[in-house]
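Q: I have a structure open and would like to walk through it. Can we take it piece by piece?

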Amino acid sequence: MTADSQFPLRDGILHAEAIPLSELADRYGTPLYVYSRTALQSAWHRYAQAIAGRNALICYGVKANSNLAILHEFQRLGTGFDIVSGGELERILAAGARPDRVVFSGVGKQGWEIRKALTTGIKCFNVESATELERLADIAQAIGVRAPVSLRVNPDVDAHTHPYISTGLKENKFGVDIRLAPDLYRQARQLPGLEIVGVDCHIGSQITQVAPYLDALDKLLNLIDILAADGITLKHLDLGGGLGIRYTDETPPDPAQLLDPVFAKLSARGLDHLQVILEPGRSLVGNAGVLLTRVEYLKRTEVRNFAIVDAAMNDLMRPALYQAWHEVVPVAPRAGTPVATYDIVGPICESGDWLARDRALPLEQGDLLAILSTGAYAFTMSSQYNTRPRAAEVLVDGQHSWLVRPRETIQDLFAQERIPHQR
Ligand code: LLP
């Protein structure tokens, strides 16, 4: 099993903490996202331990799971936030975030988003191009403030992950070529609207080795030397997010396995004063959530068996988009049900609508399944395709459960649409 230990099998029934998942499905319906608060806390504690006594800040990558309840929990635990849109900024503020712990990443920041972040007073803009730098400087000057900036450099290292979630290679749209960064910093220094505070990179996601991070760090440290020679000093170094989780048999490093050598390298270079920032998303929430879905039909064809469930690619698009593997577990398997090999598919009218393939499972119609490791990039990437309301979300803590987002109603889906008058 790959889920956090907060999803234990007890008396033959899969639980979220102390509550049988079958009870949650009966109470809230399916498809249903269920998150464990204790699992969120233990994921955070692994980071907290790794940075204890260090000058470091963990900025949770909001895009992984942006439910206000999750954001509030992390803000209570003491994380900062990594945002990529004005929408995410509004969300974290609604969840009670401290603006001075917020970094703003992304290649396409719009004017209104920059203005909103400047007036909110965030910690840093992670700037991804020369043109963005100019826009940021202009807007900051117009409203009479200085924008704290870090250049997101592209260190051209291979994170050895899926091509869609690899971001630190030359051919990716992200960041500024590290060889051009010194010139850009010199330009930034001349612009009155800017205050240079850091440097950052983000090399990809679901990274299962430490080595690519350390390669990137070496390149950043060389850049820091070049800048120092020019009299440009920085306050922080942000290594982005990307630490992987176990979906099946991966063995990703612990936060400490990543951070210990980072701190050691900084010390060796006399750079202890630099604050280290990480922007983890998946590794804080991925294994703290499961998706519950019910088997509507079993359909046997000449070549395949299908279990058609009530969740679909609109609820969880990672399999369709990345051929991602999520473990599927019957919540309360019945003795004597024959095992067969199934493709677990949704009701959407696309062959790409599958959630898992070739799984040997004991299934009957009406059975409840848990799709594991769906705390990250699952609900946040969901849509209403086929006019399917988005799933409800529940947070569990021990015996307690809270509905932290009710299921959308069908009426919600088209309430904002208008039929024009005939002319
Ligand atoms: N910082 C930046 C600038 C990012 O672009 C990302 C993720 C993160 C931090 C957080 O990365 P994490 O720690 O979660 O790996 N939808 C894909 C993942 C896309 C990641 C995009 N950027 C998936 O489902 O695998």
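Q: Let's begin with strand β6. Which way do its residues point?
A: Gly 80 and Asp 82 point one way from strand β6 (residues 80–83), and Phe 81 and Ile 83 point the other way. All are buried, meaning under 20% relative accessible area; exposed is over 50%, and partly exposed is in between (1.4 Å probe, protein chains only). Strands (E, at least two residues) and helices (H or I, at least four) are DSSP runs, numbered from the N terminus.

Q: What kind of model is this, and how are residues numbered?
A: It is a predicted model: local features need pLDDT of at least 70, side-chain atom pairs count only at pLDDT 80 or more, and totals for chains, interfaces and linings use all residues. Residues are numbered from 1 along each chain as its sequence is written, and side-chain values use heavy atoms, with hydrogens and water left out.

Q: Back to β6. In what sense does β5 pair with it?
A: Parallel, over three bridges; β5 covers residues 56–61. Two strands pair if DSSP finds at least two bridges between them. Gly 61 has Asp 82 in β6 as its bridge partner.

Q: How does the chain get from β5 to β6?
A: Through helix α3 (residues 68–77), in a right-handed β-α-β crossover. Right-handed means that, with the strands pointing away from the viewer, the path from the first strand over the helix to the second runs clockwise.

Q: And β7?
A: Strand β7 (residues 102–104) pairs with β6 in the parallel sense, over three bridges. Ile 83 stands opposite Phe 104 in β7. From β6 the chain crosses through helix α4 (residues 86–94) to β7, and this β-α-β crossover is right-handed.

Q: New topic. What are the domains?
A: The domain assignment gives domain 1 (9–36 + 286–414) and domain 2 (98–280). Such bounds come from an automatic or database assignment. Their centres, taken over C-alpha atoms, are 36 Å apart. The contact (heavy atoms within 4.5 Å) takes 11 residues from domain 1 and eight residues from domain 2.

Q: How many salt bridges cross that interface?
A: Zero, by the rule: a side-chain nitrogen of Lys or Arg within 4 Å of a carboxyl oxygen of Asp or Glu.

Q: Last one: Leu 363. Where is it?
A: Leu 363 lies in the loop between β18 (354–362) and β19 (368–371).

Q: Why does Leu 363 count as buried?
A: Because its relative accessibility is 3%. Not counting residues up to four places away in sequence, Leu 363 touches several residues, including Leu 298, Tyr 342 and Leu 369.
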